[in-house]
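Biologist: I would like to learn how to read the features of a model. Can we go through them one at a time?

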Amino acid sequence: MKYLIVGVLCLTSSFLFAQEDPDVFTLDANYFYGTILEHNPDIAHLITDHPTGLMLSYNKKTYGFKPWESRYNYPDWGFSFIYQDMKNQYLGKNYGVYAHYNFYFLKRNLNFRIGQGIAYTTNPYNKETNYTNGAYGSDFLSATYLMLNYKKENVYKGLGFQAGISIMHYSNANVRAPNNSTNTFVFNVGANYLLDYDHEPEFQPSTEDKKFTEKIKYNFAFRAGINESDIIGTGQFPFYNVSFYADKRINRKSAFQVGTDLFFAQFLKELIYFYSVAYPERQVDPDTDYKRVGVFVGHELFINKLSVIAQLGYYVYYPYDFEGRVYNRIGLKRYFGDQFFGAITLKAHGAKAEGVEFGVGVRL
């Protein structure tokens with residue numbers, strides 16, 4: 001998990017610190033109260049009370065001094081810290097750090113935030129001392145949160161307020177079993193403060209040409225990572241994925257993709273052998289091929305040098321039935337120059353994660 005921590009923070013911060021807008025910052029704090037959603041019956045016994053917590057955030061405002069800022073209605077970017085008491089002795093408490101974006105709507109009164117980072121949990125699964133915790137199999141977790149707020153800034157001498165709802169997700173993305181994860185729905189309320197509020201610059205109008213297209217581009221990506229099957233104790237193994245795809249950019253924000261994936265997952269080879277030995281009644285052939293081939297369509301959302309990808313695929317070569325033929329991938333890409341990129345993505349089957357992929361690639 002330490003590689004996941006370094007990768008997420010480096011990829012995101014490399015983009016954030018590249019900005020050169022005027023230095024106008026806000027601070028905000030939120031208290032929240034909510035409930036753990038029963039997305040999986042295997043965590044029902046862990047939902048015993050209403051989690052509470054505190055969120056602290058540091059935000060840098062944008063004003064359109066770079067073209068992409070006006071394109072997205074002058075978002076904020078920043079960092080946040082979340083403390084959450086899960087209100088269950090087996091789940092313990094979580095401490096998370098995140099990089100986030102704030103996007104504004106309805107005359108900047110409605111604020112949508114998405115944050116991605118890493119969390120430390122105080123009481124993960126342990127086969128001897130905490131076997132009840134089937135949600136968190138490791139000390140460090142991949143953490144994501146979504147927040148929708150009604151927000152007013154600078155109501156009085158820089159002081160403002162916000163209130164809304166949030167969803168907080170914790171998972172180790174199958175790096176280690178168990179990994180049933182948790183999703184917490186909360187109500188939050190808090191205050192914000194605009195530093196240097198009496199010297200805030202004006203928003204700059206967009207001057208870029210609205211029409212923008214590119215020729216079809218061809219991409220190659222190599223992704224790798226480690227993961228474990230859902231059977232606790234079977235061990236962590238490396239996986240390697242290779243992707244070839246074409247994309248067509250239709251405007252400054254969006255490109256559509258179509259391509260193919262080749263999957264080489266060692267954990268699946270071990271799982272096939274395990275079932276062939278431990279459960280002979282399943283009649284699993286130990287020589288069944290563990291490799292898979294898929295085709296996919298996708299979308300890429302460009303935000304300056306950073307982009308968000310979402311892909312939906314179908315296995316056309318699928319010798320062993322594992323989690324169904326449909327798969328999906330979401331994640332972040334960071335471009336270095338016009339052709340090369342790094343990426344951190346999550347491959348899953350619906351809401352069931354298979355692994356976090358660390359990738360490099362080229363777009364020609």
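**Salt bridges, cores and domains**

Modeller: Start with a charged pair: Lys347 and Glu354 form a salt bridge, their closest N and O atoms 3.0 Å apart. A salt bridge here is a side-chain nitrogen of Lys or Arg within 4 Å of a carboxyl oxygen of Asp or Glu. This is a predicted model, where local features need pLDDT of at least 70 and side-chain atom pairs count only at pLDDT 80 or more, while totals for chains, interfaces and linings use all residues. Residues are numbered from 1 along each chain as its sequence is written, and side-chain values use heavy atoms, with hydrogens and water left out.

Biologist: Are Lys347 and Glu354 buried or exposed?

Modeller: Buried means under 20% relative accessible area, exposed over 50%, and partly exposed in between (1.4 Å probe, protein chains only). Both Lys347 and Glu354 are buried. Now take Lys291 and Asp289, whose side chains meet in a salt bridge at 2.9 Å, N to O. Lys291 is partly exposed, because its relative accessible area is 30%. Asp289 has 21%, so Asp289 also counts as partly exposed.

Biologist: How many salt bridges does a search of the whole structure find?

Modeller: The search finds 18. One of them joins the side chains of Glu208 and Arg252 (3.7 Å, N to O). This pair links distant parts of the chain, 44 residues apart: Glu208 lies in the loop between β8 (182-194) and β9 (217-227), Arg252 in the loop between β10 (237-249) and β11 (254-265). Strands are DSSP runs (E, at least two residues), numbered from the N terminus.

Biologist: How do I read a nonpolar core?

Modeller: In soluble globular proteins, nonpolar side chains tend to be buried together. A nonpolar core is a set of buried Ala, Val, Leu, Ile, Met, Phe, Trp, Tyr and Cys residues joined through side-chain atoms within 4.5 Å. The largest one here has 19 residues, and Ile82, Leu91 and Tyr136 are among those with the most contacts inside it. β1 (25-36), β6 (140-156) and β7 (159-171) each supply at least two residues of this core. The largest share, 4 residues, comes from β6. A second, separate core of 12 residues includes Phe237, Phe239, Phe267 and Phe322.

Biologist: Which domains does the domain assignment give?

Modeller: Such bounds come from an automatic or database domain assignment. Here it gives domain 1 (23-195) and domain 2 (215-363). Their centres, taken over C-alpha atoms, are 26 Å apart. Contact means heavy atoms within 4.5 Å. By that rule, 12 residues of domain 1 are in contact with 20 residues of domain 2.
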